[in-house]
Amino acid sequence: MDYQLNINPNAIYDVRPLGKKKILLLGFQHMFAMFGATVLVPALTGLSVSATLLFAGIGTLIFHLMTKLKVPAFLGSSFAFIGGYAAVVAAGQELGMSQAVSLTYACIGIFFAGMMYFILAGLIRIFGVKKVMKFFPPVVTGPIIISIGLTLSGSAINNCSTNWWVALFAVAIIIVVNIWGKNMIRIIPVLLGVVGSYLLAVCIGLVDFSPVREAAWVGFPFKMENTAFSVFKNPNWGLIVTAIITILPISLATMVEHIGDICAISSTTGYNYLDDPGLHRTLMGDGLATAVAALFGAPANTTYGENTGVLNLTKVFDPRVIRIAAVLAIIFSFCPKFAAVVAVMPASTIGGVSLVLYGMISAVGVRNLVENKVDLTRSRNLLVAAFILVLSIGVNYGPGSISFSVGVINIALSGLAVAAIAGIVLNAVLPGNDYEFGVNRRGDFTVNLGGSTRHPNWREEHPEDVKL
């Protein structure tokens, strides 16, 4: 393994045994921290809120099993794949499919993205992280991340335009909490932005609660017709291939994000999870959780910065606390009435929150370029970045996709897929690829596409904590 982790000697770690009441209370706190961002993803994509909660909980438990019950990480919904869902839905609707049916095809793409984690885990196990990551340098992942946010920006503005006052109220809350929030409040800006804006919309009469009144208190979290399995009753193979090619490149960014998050958890807890249970195990745990969730119509999973922030605040690192939070999320998933409350959320609230989130995703890409000191005065770097940005934005806001046929199968590539393929190929063939993972520790771990708009500040306070 290429990693060696230096632990902060001034950190305070709580090693006292936890009582049942305390562990349950802390479990609720972790569930509360992940709640707003996790349920926002289905609100943005059209996926099931109940299925999202169910497989956030199940995915977290899968991750813990894969990592020998050692890593105190919670897996919530990933924002990185929202653009992929939108692209596949647009391709499906061009074929006359409904949004619900198109989303089942997108889930197949997410499943294969989860499988990519296994491939990367195997390559890292065999060749080491430095040799593998040389093919995914910041000059490729940075512009891809920028493109993810920019291609989503139009939908955020459209939702905001339904009521700008409600949308701007959500934006204001998130900004205030991010800059001036303290302790636990600072960890949940998205949740507070959703709740505050939602309440304003209720007060001015923008919300119809009749679906909430009609919803049952108890019900099954998902329907088989909304799962990936339903596709194979009458499959459109062209759209299946389109979904896979469209969504697969996004996993390149999320896998880099995963490495940074595991380093953040290691630094926070004072235990080197990169060596034990091993980075290959954490990658496989995250990938398997994502693949299982996708099969049953839930969003892709990712390790959550909010919950790492809670670890940092409480100094309680017992993985059992996280597993309690996972079980609580599973229990909440069996309440359709709660899912209905999320479903009637006004578009302006969604728009305001997504305006910040999508902008933050693009900003993370810029930060990734800056902190890795990518030299854009070099022609090869400039060409790679330029092709990725122009192709992703140009195709998205131009024809929407690039279509071609292979035999009887029609394939439509989204702008992001075209851009990612072009960027990876150009970076591989052009001379001068001098990126080495681990030389710039701070830059390597600046990718965070999870729910949090404020990642735990361990990198700023202790940049020396991770040594490769």
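Helices (H or I, at least four residues) and strands (E, at least two) are DSSP runs, numbered from the N terminus. The model is predicted: local features need pLDDT of at least 70, side-chain atom pairs count only at pLDDT 80 or more, and totals for chains, interfaces and linings use all residues. Residues count from 1 along each chain as its sequence is written, and side-chain values use heavy atoms, without hydrogens and water.

**Stop 1: the second largest pocket.** A pocket is an open set of points on a 1 Å grid over the protein atoms alone, where a 1.4 Å probe fits, with protein on both sides within 12 Å along at least five of seven lines; lining residues have an atom within 4 Å of a point. Select α1 (20-45), α2 (49-66), α4 and α16 (336-343): each supplies at least two lining residues here. Which helix gives the most? It is α16, with five residues. Now pick Leu47, Ser48, Val49, Ser50 and Asn226, which lie nearest the centre among the 22 lining residues.

**Stop 2: the largest pocket.** Select Gly83, Tyr85, Ala86, Ala87 and Ala90, the closest to the centre of the largest pocket. Then show helix α3 (residues 82-94), which gives the most to this lining, with 10 residues.

**Stop 3: Phe74.** Show contacts (heavy atoms within 4.5 Å). Leaving out residues up to four places away in sequence, Phe74 touches Met34, Ala56, Thr60 and Tyr304, among others.
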